[in-house]
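This report covers a sheet, the nonpolar cores and some backbone details of one model. The sequence and structure come first.

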Amino acid sequence: MTTDTSTVVTRFAPSPTGFLHIGGARTALFNWLFARHCGGQFRLRIEDTDRKRSTQEAIDAILDGLDWLGLDHDGDVVYQFSRAERHAELARELLANGRAYHCYCSPEELEEMRATARAEGRPMRYDGRWRDRDPSEAPAGIDPVVRLKMPQEGESMIADLVQGEVTVRNDQLDDMILLRADGTPTYMLSVVVDDHDMGVTHVIRGDDHLTNAFRQTQLYRALDWEPPLFAHIPLIHGPDGAKLSKRHGALGVEAYRDMGYLPEALRNYLLRLGWGHGDDEIISTEQAIEWFDLAGVGKSAARFDFVKLESLNGHYLREAASGRLVELLVPQLEKTLGRPLSEQARARLAAGMDGLKARAKNLVELAENAIFYVIERPLSLTPKADKILKPEARARLGRMHSSLSQLPEWNEAAIEAAVRAFAEAEDCKLGDVAQPLRAALSGSNVSPGIFEVASILGREESLARIADQSTSS
C-alpha cells in the first residue's frame, strides 16, 4: 500500500481496562507525531468491547492523560462497542460468500485439541475440522462460532516499516474466530473493520501485536480491502533489560504528573525511547514534528531510565515560564498549607521562581523548595537549620537585625552590602553571617541566594523572621 503523506491517518486504540500507561503513551505519541509530520490525521478509538473490564473511570483517565500530554486527536472519539452490529454484518457477508464458515466444535473437542498441543509442546491451533463439513452434520445443542477460512499453504509476508520484511508459514495460522457463539464479534474482526472504516493508513503499535498483523492482513484480503501499512515498535524494558514493571516505571501517565513531571519533558523523554535523531537529546515538540519518521525507530527494546527523565525534566523546568510554574505550584502549596495563598504570598512566589526553578528536578521538589516564601511565621526549622542556629549565631542575628533595620532602601544590592559590612565589623567570614541568615529566613540550610530571598520577602517579613530566631546580646 502506497500512501500520499497528506492522506496519512494514524490511530491510538487503547482498551479502557486501566489507566494510560507509559508504553501506551509512547505509542500514542509516535502515532500523533507521524500524523502531524505528514499533515495527516490522528484518530482516537476506545476499544471497549470487553464490557466486564471496561470502565468509565479508565476512559476518563485515558482522555485526561492524552490531554495532559498535549496529544490532541482529530474527529470524534470512536467507541468500538457501539459498532458491534457493523462488525457482525461483515462476518455474515464472509459467511455468505464462502470465505468464512460455522464451526460447531464442542468445548470438549477444543479441550482435546489444547491437550494435544500441550503434549506436543506447540501452541494450540484449531485443526479446521468444520472448515469443509456440511452444517447438516452439526450436533444438537451447540451454538456455532464463525471462523475465517485462512490460507493453508505457502507463506504470508508483511513489509513492516520498523521490523522490515517478516514472514510466517500459513499453516501456523489457524482459522480464527470472527463471531463468538453468542454472535458477538471478536477483537480481530472489530479492529480490522474499524481501522478500514476510519481510513487508517498506518497502524503503529507495539511489536507484541506483530503476530496479529498476519491474521488481520488475511481478514483484509478476505474482505477485498487493502491492508494498511504496519509499523511494530519494540517494547519498553526496565534499566535491567527485563520487561517493564511498576518498579521500573510502568505507571499511569497521571502518576508522572503527580510526581511533578512536565508534559513536554515526558513527551521529549518518550520520543527518545526507541527513536533517535543523531545525538539530539533535547527536542522541542516543533522539532519532533518536523523530524519524526518511522525510519528513526530502532528494532531493539528501549530501556526506561528515571535519571534521564529527571535530567530532562530539570531542563524543561528551567525553560518554563515562571508564571506558569506558579499556577502549577499553587494547588500543591495550598493543599500542604491547608489554606488559600494570599496575593502577597503569590507575589513572593512569582518573584522568587527564577531562583527556585534553577535548583529543582520536578514540581514536587520545586514546591518543597518554595514553601518558605508562603508559610506564616514562626518558621519550623529543619534539623540542619536548627544546628546552624547555635546561641552565638542567634546573638549575631540580633545584632544584624539592628543593622538591617536601618537600611534606607530594601533591595538585593543594598542588603548584600549591609551584610558584608556587618560581617567585616564582626570580624568573621561572610558564611558565618549568611548561613544563620539563611536558616532564619528560609527555615532550611539551602535556598536560592540569600540576598535575593531577603529582597523578595520584603523588609517587614525579613526583619520579623530574623527577630523570631535571634537573641539580643
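## Sheet, cores and backbone

Strand S5 (residues 145–148) pairs with S8 in the antiparallel sense over two bridges; two strands count as paired if DSSP finds at least two bridges between them. Helices (H or I, at least four residues) and strands (E, at least two) are DSSP runs, numbered from the N terminus. The model is predicted: local features need pLDDT of at least 70 and side-chain atom pairs pLDDT 80 or more, whereas totals for chains, interfaces and linings use all residues. Residues are numbered from 1 along each chain as its sequence is written, and side-chain values use heavy atoms, with hydrogens and water left out.

Arginine 147 has isoleucine 177, in S8, as its bridge partner. The open sheet has three strands in the order S4-S5-S8, with antiparallel pairing. Strand S4 (100–103) and strand S8 (177–179) are at the edges with a single partner strand each, so one side of each has no neighbour in the sheet. From one strand to the next, the twist averages 45°, where axes are lines fitted to C-alpha atoms and angles run from 0 to 180 degrees between N-to-C directions.

The largest nonpolar core has 96 residues. Such a core is a set of buried Ala, Val, Leu, Ile, Met, Phe, Trp, Tyr and Cys residues joined through side-chain atoms within 4.5 Å; buried means under 20% relative accessible area, exposed over 50%, and partly exposed in between (1.4 Å probe, protein chains only). Among the residues with the most contacts inside this core are Phe30, Leu271 and Phe292. Helix H1 (residues 22–38) supplies the largest share of the core, 10 residues. Another core, of 33 residues, lies apart from it and includes Leu90, Ala91, Val166 and Leu173.

Leaving aside neighbours within four places in sequence, leucine 271 is in contact (heavy atoms within 4.5 Å) with Leu29, Phe30, Leu33, Ile283, Ala288 and Phe292.

Most residues other than glycine have a negative phi, and most peptide bonds are trans.

The peptide bond that joins arginine 377 and proline 378 is cis, with omega about -5°. Proline 378 is in the loop between helix H13 (363–370) and helix H14 (383–388).
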